[in-house]
Amino acid sequence: MNSALVEAKLAKLEDEVPVGAVVVMQNKIIGRGHNTVIKDHSISSHAEINAIADAGKFLKNYRLNHCELYVTLEPCHMCAKAIVDARIKKVFFAAKEPKTGAIVSRDTFFEKIYLNHYVQFEYGLMEADSVNLLRSFFKNKRAKVF
């Protein structure tokens with residue numbers, strides 16, 4: 001999760017919402033990503049999507065069997081579906097996302113019986129670090145408005 005937090009801090013430096021993610025296979029990081037929505041002019045450039053794409057390039061395969069994803073914020077529905085489609089084995093996320101979280105906060109997407117792949121998940125790892133980073137980012141944004 002430390003490496004995901006490093007990615008989140010990179011997003012913050014780029015004035016993006018500070019969310020970071022890494023894909024791990026056999027205890028080695030094979031994909032990294034952070035939010036680049038503004039830079040890429042693309043609503044799909046979430047940290048998870050970017051990390052999954054990076055890992056896919058590394059493996060030369062869109063399937064990330066036996067991989068784990070560490071992300072600083074609970075995935076949204078778009079990212080949750082990408083995680084399922086990539087066949088990621090397990091997701092660890094730091095903080096819940098009360099507005100759009102698709103895993104435990106607003107939905108239980110990974111538990112849908114119609115999905116063709118089951119994703120394990122855990123949350124709360126380094127939660128305070130992620131929450132503090134997000135809070136400071138948005139506090140600074142609000143301060144700039146006034």
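Let's start with disulfides, meaning pairs of cysteine sulfur atoms within 2.5 Å. By this rule the count in this predicted model comes to 0. Cys 79 is in no disulfide either, with the sulfur of Cys 76 3.8 Å away.

The table gives relative accessible areas, where buried means under 20%, exposed over 50% and partly exposed in between (1.4 Å probe, protein chains only).

| Residue | Relative accessible area | Class |
|---|---|---|
| Cys 67 | 0% | buried |
| Cys 79 | 0% | buried |
| Ser 130 | 1% | buried |

A word on the numbers: residues are counted from 1 along each chain as its sequence is written, and side-chain values use heavy atoms, with hydrogens and water left out. As the model is predicted, local features need pLDDT of at least 70 and side-chain atom pairs count only at pLDDT 80 or more, while totals for chains, interfaces and linings use all residues.

Now to the inside. A nonpolar core is a set of buried Ala, Val, Leu, Ile, Met, Phe, Trp, Tyr and Cys residues joined through side-chain atoms within 4.5 Å. The largest one here has 29 residues, and Leu 64, Ile 83 and Phe 110 are among those with the most contacts inside it. Elements giving it two or more residues include β1 (20–25), α3 (47–59) and α4 (77–85); helices (H or I, at least four residues) and strands (E, at least two) are DSSP runs, numbered from the N terminus. A second, separate core of 7 residues includes Met 1 and Tyr 70.

Beyond its neighbours within four places in sequence, Ile 83 is in contact (heavy atoms within 4.5 Å) with residues including Ile 52, Leu 69 and Val 119. Just after α4, Arg 87 takes a positive phi of about 65 degrees.

Leaving aside neighbours within four places in sequence, Ser 130 is in contact with Leu 5, Thr 72, Leu 73, Ala 94 and Ala 95.
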